[in-house]
There are 2 protein chains.
Amino acid sequence: MAPSDHDCPLSRKLRTHMPLARADLAILADLHARRRTYPAGADMIFEGQAAHPLYILYEGWASSYKLLADGTRQILDFQIPGDSLGLNSMLFQTADHNIEPITDIVASEIIIGDVAGFYASSPTLATALLWAAARDQAMVVEHLINVGRRDAQRRTAHFLLELGARLILVGRGTRQGYDCPLSQYLLADALGLTAEHTNRVLRQLRQDGLVTFRDGRVVFDDLEGLIKLADFDMGYLDHGVLLR
Amino acid sequence: MAPSDHDCPLSRKLRTHMPLARADLAILADLHARRRTYPAGADMIFEGQAAHPLYILYEGWASSYKLLADGTRQILDFQIPGDSLGLNSMLFQTADHNIEPITDIVASEIIIGDVAGFYASSPTLATALLWAAARDQAMVVEHLINVGRRDAQRRTAHFLLELGARLILVGRGTRQGYDCPLSQYLLADALGLTAEHTNRVLRQLRQDGLVTFRDGRVVFDDLEGLIKLADFDMGYLDHGVLLR
DNA sequence: CGCCGTGTTGAAATACATCAACAGGAGTGG
DNA sequence: CCACTCCTGTTGATGTATTTCAACACGGCG
């Protein structure tokens, strides 16, 4: 097993939560072999699709979203390296939302015959996958609270902080900031705002010296202030990486 | 096993999704034995609690919610008979939200040593539980879309329809309507609106002849119209009970 | 060169929140 | 029995956050 396998985003993320035996690491390394690239913009999983596959994302960003009858879009979450694509909806027989790469991505398809069998062969990893699913759930819950009860400024601040915390976990960000391929339109569709208003909110946050979102990069100009503004609490991510 | 055991809300809900063997029904019936009542208003699970129990709700309504620093509350979902309390957060070591009975409720506590063992002893029921968890997730997702991308009218309409569909599944509602113990304040905290605005929206919906929310009862005055207004699609609940 | 995606700004419209007040019923203690 | 409070529902007036509509600037890319 090459050293790089221990540094893959998924293994990194899982190891912050639970120790992994050598056999488990081997299984993770095994997944590396099957990875390939998928182009930005082409849906990999779409709503209503039966028996879709499960992917582990290695490089690049994706988005899970749903379209409404009036053409508007709600982005449920962005997926970053180490995240799974289509895990939740795998338990259903059909996917309940779409998943589309934002950038070109590198991912590997996983075939799990049945969950029970997977539990027998690799209980640790199966538990880890369940943990990941629960974490996804917690993320959507926090997103709901964000959209339901915070105004545009706090909502945006909270979202950028959450992304930062997740990226730090997989070694793609620091307390100074992170690279971020999102357009303001994508951000708006995630926050439940219009692109114009998102633009104004970002300007305000920048002028207040809190955070700069520009040219594919997020810079935390005043991390403490931003955390305070957003009422940001990492408990639901199970790790206070931003605060250490 | 008494006939009533086959009619318990959980068994009813599960059987719409998958067949249950006699052994599984026996396990479900077993849960009946341990049920007891819990009073309205007293939290059964609270945020940050470690190793909390798991309950199956038999009678009455509960709510899962989170409080923000400024004192506002976002209700994530209401639980009705047949739903579980605390399933998602059981996978985490600590609960990530509070659960509080809205009415006096009847529920039974479930002890699951470890998920893997449960899979060995009763794979069908374990899978059913996972399915229930995935369904909860889908519900939160739809709730997010509701709050993020629908105006107050459509949002309220959609929410009342969703509750109706879930209640029909467990025999607590019809296409005419259902009994609903929610106050306008609770409804507002679920919808991300103020109680005053919720009141105005409900009046509008009533005056438009679509739905009447009053005196603990929801009446669908014009189900078709309401479904159309709300852009309501039952796919994510896996059953089109309202439309049959 | 023209076009399209993205970012940016302004003015007007509106959905929703906030603040304030009142009405009725249910409980509670006198 | 009354007086009292609390909870819920209801309505009005006003304020404001956000949307909508419109326009333009810029770079990349055909």
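B:Asp77 is buried, with a relative accessible area of 8%. This briefing covers a predicted model. In the model, 16 residues surround DNA strand C, and 16 residues surround DNA strand D. The largest nonpolar core has 47 residues. A search of the whole structure finds zero disulfides over all chains.

**B:Asp77**

- B:Asp77 sits in strand 4 of chain B, which covers residues 73-79.
- The side chain of B:Asp77 makes a polar contact with the side chain of B:Arg166, at 3.0 Å.
- Apart from neighbours within four places in sequence, B:Asp77 is in contact with B:Ala62, B:Ser63, B:Ser64, B:Met139 and B:Arg166.
- B:Asp77 counts as buried because its relative accessible area is 8%, and the cut-off for buried is under 20%.

**DNA strand C**

- The residues closest to DNA strand C are A:Gln184, A:Asn199, A:Arg200, A:Arg203 and B:Ala152.
- Sugar or phosphate accounts for 63% of the atoms of DNA strand C within 4 Å of the protein, and bases make up the rest.
- A polar side-chain atom of A:Arg203 is 2.8 Å from a phosphate oxygen of DNA strand C.
- For B:Thr194, a polar side-chain atom lies 3.2 Å from a phosphate oxygen of DNA strand C.
- B:Arg200 has a polar side-chain atom 3.1 Å from a base oxygen of DNA strand C.
- Two or more residues of the surface near DNA strand C come from each of helix 8 (184-191) and helix 9 (195-207) of chain A and helix 9 (195-207) of chain B.
- Helix 9 of chain A gives the most to that surface, with four residues.
- By class, the surface near DNA strand C has three nonpolar, six polar and seven charged residues.

**DNA strand D**

- The residues closest to DNA strand D are A:Ala152, B:Gln184, B:Asn199, B:Arg200 and B:Arg203.
- Of the atoms of DNA strand D that come within 4 Å of the protein, 62% belong to sugar and phosphate.
- An N or O atom in the side chain of A:His197 is 3.5 Å from a phosphate oxygen of DNA strand D.
- An N or O atom in the side chain of A:Arg200 is 3.2 Å from a base oxygen of DNA strand D.
- B:Asn199 places a polar side-chain atom 3.1 Å from a phosphate oxygen of DNA strand D.
- At least two residues of the surface near DNA strand D are supplied by each of helix 9 of chain A, helix 8 (184-191) of chain B and helix 9 of chain B.
- Helix 9 of chain B gives the most to this surface, with four residues.
- The surface near DNA strand D divides into three nonpolar, six polar and seven charged residues.

**Nonpolar core**

- In soluble globular proteins, nonpolar side chains tend to be buried together.
- Within the largest nonpolar core, the residues with the most contacts are A:Leu14, A:Leu28, A:Leu125, B:Leu14, B:Leu28 and B:Leu125.
- Helix 6 of chain A (residues 123-149) provides the largest share of this core, eight residues.
- Leaving aside neighbours within four places in sequence, A:Leu28 is in contact with A:Leu10, A:Ser11, A:Leu14, A:Leu20, A:Tyr58 and A:Leu125.

**Cysteines**

- A disulfide is a covalent bond between the sulfur atoms of two cysteines.
- The search over all chains finds zero disulfides.
- B:Cys8 is buried, with a relative accessible area of 5%.
- B:Cys180 is also buried, with a relative accessible area of 2%.

**A:Asp231**

- A:Asp231 lies in the segment after helix 10 (223-230) of chain A.
- A:Asp231 counts as partly exposed because its relative accessibility is 31%.
- Not counting residues up to four places away in sequence, A:Asp231 touches A:Arg150, A:His158, B:Leu68 and B:Ala69.
- A polar atom of the A:Asp231 side chain lies 3.3 Å from the backbone nitrogen of B:Ala69.
- A:Asp231 and A:Ala157 are 74 residues apart along the chain, and their C-alpha atoms are separated by 9.2 Å.

**B:Arg175**

- B:Arg175 is in the loop between helix 7 (152-169) and strand 8 (177-179) of chain B.
- B:Arg175 is partly exposed, with a relative accessible area of 38%.

Definitions and conventions. Residues are numbered from 1 along each chain as its sequence is written. Chains are lettered from A and ligands numbered from 1 in the order in which they are written. This is a predicted model: local features need pLDDT of at least 70, side-chain atom pairs count only at pLDDT 80 or more; totals for chains, interfaces and linings use all residues. Side-chain values use heavy atoms; hydrogens and water are left out. A residue is near a molecule or strand if one of its heavy atoms lies within 4 Å of it. A polar contact is a pair of N or O atoms within 3.5 Å; within protein, one must be able to donate a hydrogen and the other to accept it, and residues adjacent in sequence count only if both atoms are side-chain atoms. Ala, Val, Leu, Ile, Met, Phe, Trp, Tyr, Cys and Pro count as nonpolar, Asp, Glu, Lys and Arg as charged, and the others, Gly among them, as polar. A nonpolar core is a set of buried Ala, Val, Leu, Ile, Met, Phe, Trp, Tyr and Cys residues joined through side-chain atoms within 4.5 Å. Buried means under 20% relative accessible area, exposed over 50%, partly exposed in between (1.4 Å probe, protein chains only). Contact means heavy atoms within 4.5 Å. A disulfide is a pair of cysteine sulfur atoms within 2.5 Å.
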